[in-house]
Amino acid sequence: MERVTKENYYLDIAQTVSERSTCLRRRYGAIIVKNDSIISTGYNGAPRGRKNCCDIGCYREQLGIPRGERYELCRSVHSEANAIIAASRENMLGSTLYMCCTDPADGSVVAGTNSCMMCKRLILNAGIAKVCIRDTKDTYRVIDTAEWIDDDDSLSGKMGY
């Protein structure tokens, strides 16, 4: 019997969480894990009580805004932010955030994604030590968040992710 790795086990859960997303462009799911316990989950969607893009359309799509830019025009709270909001900082210190992005059209995994600049800041301040991002059903990247301190993309002037 071959068991799924812990990383892919948690990424499978993050991928399932992404199915709750209400975004028309990309569905993200995130879970925060510490000591093999799931601390919280989050997916991208409008704040509680507000209308979702899947119900009223995407304003950024209508304006032709590229991904990774002009987030102030987006209705959604990102999956990482929602997972962080749902957890206490004490529980997040030294934890790992697992994230998966899927295409709303067919549910396929979108490779090469990463957290945006704002979510990277939230992850750093939450004390999350690693981020594991799914690229395919079996492959993923593990990022030590300490790298984001020295490699400060907010100083590059480059937009997007």
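Residues are numbered from 1 along each chain as its sequence is written, and side-chain values use heavy atoms, with hydrogens and water left out. Because the model is predicted, local features need pLDDT of at least 70 and side-chain atom pairs count only at pLDDT 80 or more, while totals for chains, interfaces and linings use all residues.

Helices (H or I, at least four residues) and strands (E, at least two) are DSSP runs, numbered from the N terminus. Two strands pair if DSSP finds at least two bridges between them. On this basis, five strands form an open sheet in the order β2-β1-β3-β4-β5. The pairing in this sheet is mixed. Strands β2 and β5 (140-144) stand at the edges. Each has a single partner strand, so one side of each is left without a neighbour in the sheet. The twist averages 20° from one strand to the next. Axes for such angles are lines fitted to C-alpha atoms, for helices over the stretch in contact, and angles run from 0 to 180 degrees between N-to-C directions.

Strands β1 (residues 27-34) and β2 (residues 37-43) are antiparallel and share six bridges. K34 has S37 of β2 as its bridge partner. Two residues lie between the strands of this hairpin, where N35 takes a positive phi near 50°. Strands β3 and β4, in contrast, run parallel and are joined by four bridges. There, T96 is bridged to K130 of β4.

Helix α6 spans residues 117-126. Its residues M117, C119, K120, I123 and A126 are buried. Buried means under 20% relative accessible area, exposed over 50%, and partly exposed in between (1.4 Å probe, protein chains only). An α-helix has 3.6 residues a turn, so residues three or four places apart point the same way. The cover over the buried residues of α6 includes α4 (79-85), α5 (89-92), β3 (96-102), β4 (130-134) and α7 (147-150). Just after the helix, G127 adopts a positive phi of about 85°.

A nonpolar core is a set of buried Ala, Val, Leu, Ile, Met, Phe, Trp, Tyr and Cys residues joined through side-chain atoms within 4.5 Å. The largest one has 18 residues. Those with the most contacts inside this core are I32, I84, M92, L97, I123, I128 and V131. At least two core residues come from each of β1, α4, β3, α6 and β4. With contact taken as heavy atoms within 4.5 Å, M92 touches I32, I84, A87, A126, G127 and I128, not counting residues up to four places away in sequence. A second, separate core has seven residues, among them L11, I31, Y98 and C132.

The structure holds zero disulfides (pairs of cysteine sulfur atoms within 2.5 Å). For C101, the nearest cysteine sulfur is that of C100, 7.0 Å away. C101 is buried, at 0% relative accessible area. For C132, the nearest cysteine sulfur is also that of C100, at 10 Å. C132 is buried too, with a relative accessible area of 1%.

Seven salt bridges are present. A salt bridge is a side-chain nitrogen of Lys or Arg within 4 Å of a carboxyl oxygen of Asp or Glu. R134 pairs with D12, the closest N and O atoms being 2.9 Å apart. R134 lies in strand β4 and D12 in helix α1 (residues 6-18), so the pair ties together parts that are 122 residues apart in sequence. R134 is buried, at 0% relative accessibility, whereas D12 is partly exposed at 25%. Salt bridges link D12, R134 and K137 in a network.

E72 meets R70 at 2.5 Å, N to O. E72 is exposed, with a relative accessible area of 56%, and R70 is partly exposed at 43%. R141 meets D135 at 2.7 Å, N to O. Here R141 is partly exposed at 27%, while D135 is buried at 15%.

V4 sits in the segment before α1. V4 is partly exposed, at 48% relative accessibility. V4 touches Y9 and D12, not counting residues up to four places away in sequence. The C-alpha atoms of V4 and D138 are separated by 9.3 Å, although the two residues are 134 residues apart along the chain.
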